[in-house]
Amino acid sequence: MAATPPVCEFGWPAVDARLPGVDGLTHSIFDQAGPKGLVVTFICNHCPYVKAVIARIVRDAIDLKDHGVGFVAISANDAEAYPQDSFDNMKRFASQNALPFRYLYDEDQSVANAYGAVCTPDFFGFNKDMNLQYRGRLDASRKEIGPGDLRRDLYEAMVMVALFGKGPSEQQPSMGCSIKWKVSPYQV
């Protein structure tokens with residue numbers, strides 16, 4: 001089921017947590033930040049939206065590093081109901097896609113819940129003070145790989161954040177598969 005997250009709540013403070021990574025170590029979300037900001041994205045292994053753009057996510061993460069912006073990905077899907085999203089499959093996904101950033105596992109879904117994550121992919125762009133400045137799409141791709149000349153919404157927004165500390169006032173929401181909740185935080 002496709003889902004669309006809400007628009008950016010400018011200034012919302014990032015939430016830190018320590019989560020296991022596919023590298024076998026535990027990592028703090030905040031430790032992934034660069035001197036100019038951080039992108040926290042919620043992805044998973046099986047989502048067709050993520051599969052369509054993973055190469056572009058990798059490209060943008062590498063390019064943003066040159067602007068002082070760090071990057072981290074988190075999978076929070078219910079791996080019992082969706083075994084494709086298991087921790088072992090996360091390791092394979094990271095290796096197959098040569099992820100240049102930490103890929104962390106939010107098994108109890110507390111971090112996804114704290115962020116209000118809605119879909120995969122769901123992008124949260126923070127400035128150096130860890131205040132939200134971007135919550136939007138990577139680009140106009142959907143379940144299919146878009147043309148190579150698509151505007152790089154996330155990249156351009158985060159370069160702006162790196163330079164000025166603020167994101168663009170107009171943002172297009174991401175779209176993707178809904179987070180696969182064990183128990184929906186919206187039902188509690």
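This is a predicted model: local features need pLDDT of at least 70, side-chain atom pairs count only at pLDDT 80 or more; totals for chains, interfaces and linings use all residues.
Which helix lies across β1, β7 and β10? Helix α1, made of residues 48-65, is the one.

**Figure 1. The whole protein, from end to end.** Let's start with the overall picture. The protein has 4 helices and 10 strands. Starting at the N terminus, the elements come in the order β-β-β-β-α-β-α-β-α-β-β-β-α-β. The radius of gyration is 15 Å, close to the 16 Å that the globule rule gives for 188 residues, so the protein is as compact as a globular protein of that length. Along the principal axes, the C-alpha atoms fill a box of roughly 45 × 35 × 35 Å.

**Figure 2. A sheet of 3 strands with β10 between β1 and β7.** This sheet is open, its order is β1-β10-β7, and the pairing is antiparallel. At the edges stand β1 (2-3) and β7 (119-120); each has a single partner strand, so one side of each is left without a neighbour in the sheet. If you zoom in on β1 and β10 (residues 176-178), you'll find 2 bridges joining these antiparallel strands.

**Figure 3. Another open sheet, with the order β4-β8-β9.** Its 3 strands pair in the antiparallel sense. β4 (37-42) and β9 (132-134) are the edge strands, and each has just a single partner strand, so one side of each is left without a neighbour in the sheet. From one strand to the next, the twist averages 35°. Between β4 and β8 (residues 122-127) there are 6 bridges, with the two strands antiparallel.

**Figure 4. The largest pocket and its lining.** What is the volume of the largest pocket? It comes to about 240 Å³. The lining takes in 14 residues, and those nearest the centre of the pocket are Lys-65, Val-69, Gly-70, Phe-71 and Pro-100. Helix α1 turns up here too: α1 and β5 (69-75) each supply at least two residues of the lining. By type, the lining splits into 8 nonpolar, 4 polar and 2 charged residues.

Conventions. Residues are numbered from 1 along each chain as its sequence is written. Side-chain values use heavy atoms; hydrogens and water are left out. Two strands pair if DSSP finds at least two bridges between them. Contact means heavy atoms within 4.5 Å. Axes are lines fitted to C-alpha atoms, for helices over the stretch in contact, and angles run from 0 to 180 degrees between N-to-C directions. On a 1 Å grid over the protein atoms alone, a cavity is a set of points where a 1.4 Å probe fits but cannot get out, and a pocket is an open set with protein on both sides within 12 Å along at least five of seven lines; lining residues have an atom within 4 Å of a point. Grid points are joined across faces, edges and corners, and a volume is the space filled by probe spheres set on the points. Ala, Val, Leu, Ile, Met, Phe, Trp, Tyr, Cys and Pro count as nonpolar, Asp, Glu, Lys and Arg as charged, and the others, Gly among them, as polar. The radius of gyration is taken over C-alpha atoms; the globule rule is 2.2 Å times the number of residues to the power 0.38.
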